[in-house]
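Open the structure in your viewer and keep the selection tool ready. We will go from stop to stop, and at each one you select something and look.

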Amino acid sequence: MSNDSIGVAVIGAGMAGKAHAAAYRQATATFGPGLPPVRLVSIADAYAPLAAEAARRFGFERHDTSWQAVAAADDIDVVSVVVANHLHREIVDALLAAGKHVLCEKPLAAGLDDAQAMVAAADAAAEKGIVARIGLTFLRSPGIAFLGELVASGRLGEFVNFDGEYWTDYACDPDSPISWRFKGGPGTGALADVGSHLSYIGELFGGRVRAVRGGTLHTAVPSRPKPLGQVIGHEGGAVSDEREAVENDDVAGFFVEYAAGGTGSLQVSRVAPGHPNTLKFEVFCTGGSASFDFRNPGQVRICLLDDTDPDLRGTRTVTLGPAHPYWKDGLAMDAPGVAVGQNDGFVFQARAFLEEVAGIPEDESLPRNADFADGLHNMQLLDAVAQSALAGGAQVLVP
């Protein structure tokens, strides 16, 4: 590390890039001391005004307009890569070769070949002490983490079924501009964008997926207008009269079979009116069930069949607090019922990454972030869904 401190950069200044930048800014104030000094060095984006604005807003020393500048900078040790999926491999490979520790947004890459090559590059870098991780941010939600621990403990009995939905509405407007999010072929749309999240959450409870079936992909808006300016995140903007074809899916659904037993049903959408960010699921086990809705992230609902009083048997609401993951010392106000949301997950993720880079022992640190092999598996699962859809819903094994 540079001068016994950690220099941080973020490549990509869009919506998720800002979440990473804000997270690094807050990470040193989360869970108290323990990290070496963290320097917020650069935010890079090809669109200079956006990079400059983000650097000022989040207190970074400077901005750059190319990822190459970040890779070449001697004062940068840690880099978050938060750009279009098809750019991940080139950037991540170069950063690892330059000795930078990398936290890459999901999905790992645009295709399986690139993802496999990135796993190999990460393995080679690990031999030199370089850390490469992928952000599976929702695993840092206190409610989801708590339910994961509850199911793993056996308190609810054996796992039977996972039922999950992730509905968003960012693509509802048929005249919102075309962007990279709408390109790439079957399975690279809503399935890759939000289905990637829902699938790894399902595996938190059921374990690795063995096979998928019933894959369905649907494009509700077949074309979108070309933008007249920069498209940032999910924002709209001025558009032309010329339209381009949408190449991927607006809606996706599929069933899974978990290798350890049990099944799952998952559905995702980016064209669900009235649902800007609705992630919800229910886990069914032989001894009870548990459910979570991200619209109410400070609580979970639990049903236990072994309640001693049958008159009180039923579903109860549990308000989260210091007894649950990430709450104590992870929030500035860590009292029960204090609001927690998606942005906090990025803070916990950044803190865990910085702790690993700093060499803090695993038993004294937050749970480690997932590695690139986990990111590859997630992509293989989603690729199996796309194959199932193209085969009329046939069963497809996940490698």
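Which residue forms a salt bridge with Lys106? Select Lys106 and Asp193: they are the pair, and their closest N and O atoms are 3.7 Å apart. Keep in mind that this is a predicted model.

**Stop 1: the two domains**

Colour residues 6-137 as domain 1. The C-alpha centres of the two domains lie 25 Å apart.

Now select the place where they touch. The size of an interface is often given as the accessible area lost when the parts come together. Here the two domains bury about 1500 Å² between them. Carbon and sulfur atoms carry 73% of that area. Next, pick Phe31, Lys106 and Leu112. These residues supply 35% of the area that domain 1 buries against domain 2, more than any other three residues.

What about charges and polar groups? The count between the domains is one salt bridge. There are also four residue pairs in polar contact between domain 1 and domain 2.

**Stop 2: Asn85**

Go to the loop between β4 (78-81) and α4 (88-97), and select Asn85. Is Asn85 buried or exposed? Its relative accessible area is 15%, so Asn85 counts as buried, the cut-off being under 20%. Show what surrounds it. Beyond its neighbours within four places in sequence, Asn85 is in contact with Lys106, Pro107, Ala109, Ala110 and Trp180.

**Stop 3: helix α2**

Select residues 48-58, helix α2. Which of its residues are buried? They are Leu50, Ala51, Ala52, Ala54, Ala55 and Phe58. Then show α1 (15-27), β2 (38-44) and β3 (62-64), which are among the elements that cover these buried residues. Step past the end of the helix to Gly59, which follows α2 and has a positive phi, near 80°.

**Stop 4: salt bridges across the chain**

Side chains of opposite charge can pair when their charged atoms come close. A search of the whole structure finds 21 salt bridges.

Select Arg243 and Asp175. Their closest N and O atoms are 3.0 Å apart in a salt bridge. Arg243 is in strand β10 (residues 239-245), and Asp175 is in the loop between β7 (159-167) and α7 (190-206), 68 residues apart in the chain. Arg243 is partly exposed at 36% relative accessibility, and Asp175 is partly exposed at 42%.

Move to Asp374 and Arg208. Their side chains meet in a salt bridge, 3.1 Å from N to O. Asp374 lies in helix α9 (residues 372-390), while Arg208 lies in the loop between α7 and β8 (209-218), 166 residues apart. Asp374 is partly exposed at 26%, as is Arg208 at 41%.

Next come Arg213 and Glu257, in a salt bridge of 3.5 Å, N to O. This pair links strand β8 to strand β11 (residues 251-258), 44 residues apart.

**Last stop: a network**

Select Lys183, Lys226, Glu242, Glu244 and Glu247 together. A network of salt bridges links these residues.

Notes. Residues are numbered from 1 along each chain as its sequence is written. This is a predicted model: local features need pLDDT of at least 70, side-chain atom pairs count only at pLDDT 80 or more; totals for chains, interfaces and linings use all residues. Side-chain values use heavy atoms; hydrogens and water are left out. Domain bounds come from an automatic or database domain assignment. Buried area is the accessible area (1.4 Å probe) that two parts lose on being put together, summed over both. A salt bridge is a side-chain nitrogen of Lys or Arg within 4 Å of a carboxyl oxygen of Asp or Glu. A polar contact is a pair of N or O atoms within 3.5 Å; within protein, one must be able to donate a hydrogen and the other to accept it, and residues adjacent in sequence count only if both atoms are side-chain atoms. Helices (H or I, at least four residues) and strands (E, at least two) are DSSP runs, numbered from the N terminus. Buried means under 20% relative accessible area, exposed over 50%, partly exposed in between (1.4 Å probe, protein chains only). Contact means heavy atoms within 4.5 Å.
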